[in-house]
Amino acid sequence: MSEKPSQSNSIAFHRIHGSRIILSNGARTATRDEEIKFYDNGVVYTSLPLSGHSKFIVEAQRLHTSWSGSFKIGIVLIPKGELKEGFMPHSSVTQYQSPVARQPWLCCCIPTATRRRDHVYSPNNPQTWVWSSETLHTGQVIKTKYGKVNLEHTQKGDKLGIEISTEGVLSFHMNGVNQGRAAVDVYSTDKQVYGFVDHYGQAVTSSIIEAFVNPFSLQHLCKRKVLELLPGSVESLSQSLPEPLIRGMSELKLGAG
C-alpha cells in the first residue's frame, strides 16, 4: 500500500524559535533580523514532530556575505510537551566545559555556535544530529567530511533537506541529492523528533518548499508501547523469565526503530 503523506502546508516553522527570527508567509519563511549586526540566534524548528517516512526541505533565499559560516540543518530529540513557552533554543555544535560534571558536552540545536549552556544533554545519550559545513555532529561524536558538498558554500536558491525513512534512517539532502546515511533508529526512543534549521552567519532567510510526515505503523506503535511498559532493562528480567522470552524481548528492543 502506498503512503499517503500529510499535506505539506500543514508543516510550518514552530512558534518557538531563536530570538532574532521573524516568521512570515504563514510561518513558512524564517528571517534572521538585523543580519548586519548579529550572526546568531537563528534557529527554527518544524511545527510538528517528524514521524514515519518524513521529509523537510527548505530553500536558501537570502544570504549576507559580511559573516563567515552558513546554514546548519539537523534533527533534535525533545521530550513530548517540552517545546513550548519558556523553551530555550539550543546551541548545535559548540563544545564547552560543563560546570557540574566538568566534562566536555555538546549543546543541541543553536542560538548558534555560541557558548550557550541551556538544555545540555549527556554525551552518553546524544540527542541531536547536525550537518554543519562538511561535518556531521552527533552529540559528542563528530564524523568529518560528511556528504558531497560543503554547507559553507550554500547559495541563494539551494535546497537543503532532511529525510527520515519509515525505519528511522536519517539522511540529509542538497538540491535533491542524498548526501548519505547520517543515523539509524532515530525513532527508537520515547522522545519526539523535530527538524531544525539554523540561520547562522551568512544565512539570513529560508522558506519551506516541501514537507510531509506519515503516521507511524501500528507495529512501530505497539513496539514502543511494550518498551514503555518494561520495568527497566530487558536484562534485569533475566532472572524471572524464560530465556526464549528474554531473547525475543531483546530483539524487539533492538528493532524498535
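Predicted model: local features only at pLDDT ≥ 70, side-chain atom pairs only at ≥ 80, totals over all residues.
Local features need pLDDT of at least 70 and side-chain atom pairs count only at pLDDT 80 or more, while totals for chains, interfaces and linings use all residues. Residues are numbered from 1 along each chain as its sequence is written, and side-chain values use heavy atoms, with hydrogens and water left out.

The protein comes to two helices and 16 strands (DSSP runs of H or I with at least four residues, and of E with at least two, numbered from the N terminus). Of its 257 residues, 50% are buried, meaning under 20% relative accessible area with a 1.4 Å probe, protein chains only. Among contacts (heavy atoms within 4.5 Å) with a separation of 6 or more, 66% link residues 24 or more positions apart.

Seven strands make up an open, antiparallel sheet, in the order E2-E3-E16-E5-E12-E13-E14; strands count as paired if DSSP finds at least two bridges between them. Strands E2 (21-24) and E14 (177-183) sit at the edges with a single partner strand each, so one side of each has no neighbour in the sheet.

At the E2 end, four bridges join E2 to E3, with Ile21 opposite Arg32. The two strands form a hairpin with four residues between them, and Asn25 in the turn has a positive phi of about 55 degrees. In E3 (residues 29-32), Thr29 and Thr31 point one way, Ala30 and Arg32 the other, and all are buried.

Moving on to E16, this strand pairs with E3 over three bridges, and Ala30 stands opposite Ser206. Eight bridges tie E16 (residues 203-212) to E5 (residues 54-63), where Val58 has Ile208 as its bridge partner.
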